[in-house]
Amino acid sequence: IEKTLGSSIDINGQPETIWENITNVKIEQFSDPTIFKLLNIPKPLKAEIISEGQGGKRIAYFDSGKRFIQEILVWKPLTEYSFSFNPEKGFKVGYFFDLSEGVFQIPTGAYYLTTIGQKTTLKLTTTYSIDKRLYFLFNLPARIILKAFQRYLLASIKKNSE
């Protein structure tokens, strides 16, 4: 079963700066929420664009040593950026969920920027899937954790952009 979850934040910053902070992320300086440590969720460190544009690549690095080798699906500078996650084999969260295969996966994510005057609203959506046999057991915890992760990323991007 596949679902999409979204969060947004208002940022008082230039759209160009925000765009740079969502495409080439640097958040290793921020401490991750305690819940991530308790649940063994790898801390994101940075993400770097290897090649721009639709079909391009970005690599996201985590403190576990694992990476997401992301493919850019939509590249509309200052407006929309979406990508597939493509976690490396053995990318585990929650001690035993392997995001590269198994009952819980995160296929895509997207950022949307809407600028009005000096304020930009940044929205982050994450598509996730849970095996239908375990959906009712894991959907609520997955939503809570993904929402916390989205808020953490958005707050970090805001701090870097303002």
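1. Start with the lining of the largest pocket. By class, 29 of its residues are nonpolar, 4 are polar and 2 are charged. Keep in mind that this is a predicted model.

2. How many residues line the largest pocket? The count is 35. Nearest the pocket's centre lie Ile41, Leu99, Ile106, Leu146 and Phe149. The space inside the largest pocket comes to about 670 Å³.

3. Which element gives the most to this lining? Helix H3 does, with 8 residues. H3 spans 135–161. Several strands also supply at least two lining residues each: E2 (44–51), E3 (57–62), E4 (67–76), E8 (104–116) and E9 (119–130).

4. Now look at the backbone. Most residues other than glycine have a negative phi. Asparagine 40 is not a glycine, yet its phi is positive, about 55 degrees. Where is asparagine 40? It sits in the loop between helix H2 (34–38) and strand E2. Its relative accessibility is 33%, so asparagine 40 counts as partly exposed. The cut-offs matter here: buried means under 20%, and exposed means over 50%.

5. Asparagine 86 also deserves a look. This residue, again other than glycine, has a positive phi near 50 degrees. Its place is the loop between strand E5 (80–84) and strand E6 (92–93). Is asparagine 86 buried, exposed or partly exposed? Asparagine 86 counts as partly exposed because its relative accessibility is 38%.

How values were computed: Residues numbered from 1 in each chain as written. Predicted model: local features only at pLDDT ≥ 70, side-chain atom pairs only at ≥ 80, totals over all residues. Heavy atoms only, no water. 1 Å grid on protein atoms, 1.4 Å probe; cavity = no way out; pocket = protein on both sides within 12 Å on 5 of 7 lines; lining within 4 Å. Points joined across faces, edges and corners; volume = space filled by probe spheres on them. Helix = DSSP H or I, 4+ residues; strand = E, 2+ residues; numbered from the N terminus. Nonpolar A, V, L, I, M, F, W, Y, C, P; charged D, E, K, R; others polar. Buried < 20%, exposed > 50% of the residue type's maximum accessible area, 1.4 Å probe, protein only.
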